[in-house]
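Subject: Structure handover

Hello,

Please find the structure below, followed by notes on what was found in it.

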Amino acid sequence: MLDLPGLEQAEQVIVNGFPLRHLQPITPGQALPPQVLQLPGWRVWLARRDGVPAAAGYTYDGGNAVGIYWLATLPEYRSAGLGRAVMNAMLAAHPDRIATLVATPAGLPLYQRLGFEPVSTAVWYLRTIN
């Protein structure tokens, strides 16, 4: 389980790895508030390479299914297996649950190799506040 510094590192990886431009420059707690460390069902995941935060995401287990969210790898660490390692850990922690996610084009090949199948498509919109 992550502590607060680990949560902040995971948040930084997610915001910069996607990137989530509307959350940049990052303010700790804006995307992943510290309360998620205490909420039942929530778990934030972080992979490091040579001690440096490199890939992260979070899961929410609602009891019937586990949702996988915001899995991201920083550009300089992509194609090193870190996203796959995080995803495998997420799935292994919830072996008896259906797993759901929304795939970006970058993540789609990994998810398909891990047995995920498309069930629907969507267009997402974001309205930012200036």
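Predicted model: local features only at pLDDT ≥ 70, side-chain atom pairs only at ≥ 80, totals over all residues.

**Notes on the structure**

Glycine 57 is buried, at a relative accessible area of 0% (buried means under 20% relative accessible area, exposed over 50%, partly exposed in between, with a 1.4 Å probe and protein chains only). Glycine 57 belongs to strand β2 (helices, H or I with at least four residues, and strands, E with at least two, are DSSP runs numbered from the N terminus).

Residues are numbered from 1 along each chain as its sequence is written, and side-chain values use heavy atoms, with hydrogens and water left out.

**Pockets**

A pocket here is an open set of points on a 1 Å grid over the protein atoms alone, where a 1.4 Å probe fits, with protein on both sides within 12 Å along at least five of seven lines; lining residues have an atom within 4 Å of a point. A volume is the space filled by probe spheres set on the points, and grid points are joined across faces, edges and corners.

The largest pocket has a volume of about 990 Å³. Its lining consists of 32 residues, and those nearest the centre are Phe18, Leu71, Thr104, Gly107 and Tyr111. Two or more lining residues come from each of β3, α2 (82-92) and α3 (108-113). Strand β3 contributes the most, with six residues. By type, the lining has 21 nonpolar, eight polar and three charged residues (Ala, Val, Leu, Ile, Met, Phe, Trp, Tyr, Cys and Pro count as nonpolar, Asp, Glu, Lys and Arg as charged, and the others, Gly among them, as polar).

The second largest pocket has a volume of about 520 Å³. It is lined by 18 residues, with Leu101, Val102, Ala103, Pro118 and Ser120 closest to the centre. The elements giving two or more residues to this lining are β4 (98-101) and α3, and β4 supplies the largest share, four residues. The lining splits into 12 nonpolar, five polar and one charged.

**Surface patch**

Tyr60, Tyr69 and Trp70 make up a nonpolar surface patch with about 270 Å² of accessible area together. Patches are made of residues with over 30% relative accessible area and no salt bridge, where like charges are joined within 9 Å and nonpolar side chains (Val, Leu, Ile, Met, Phe, Trp, Tyr) within 5 Å. A salt bridge is a side-chain nitrogen of Lys or Arg within 4 Å of a carboxyl oxygen of Asp or Glu. Areas come from the Shrake-Rupley method with a 1.4 Å probe, and for residues only the protein chains shown count as cover.

Tyrosine 69 sits in strand β3 (residues 65-73) and is partly exposed, at 36%. Tryptophan 70 is also in strand β3 and counts as partly exposed, at 30% relative accessibility.

**Backbone geometry**

Tryptophan 70 has a positive phi, near 50 degrees, in a residue other than glycine. Aspartate 50 has a positive phi too, near 55 degrees; this residue is in the loop between β1 and β2 (52-61) and is exposed, at 77%.

A cis peptide bond links phenylalanine 18 to proline 19, with omega about -15 degrees. Proline 19 is in the loop between α1 (4-17) and β1 (42-49). Another cis peptide bond links glutamine 24 to proline 25, with omega about -5 degrees, and proline 25 is placed in the loop between α1 and β1.
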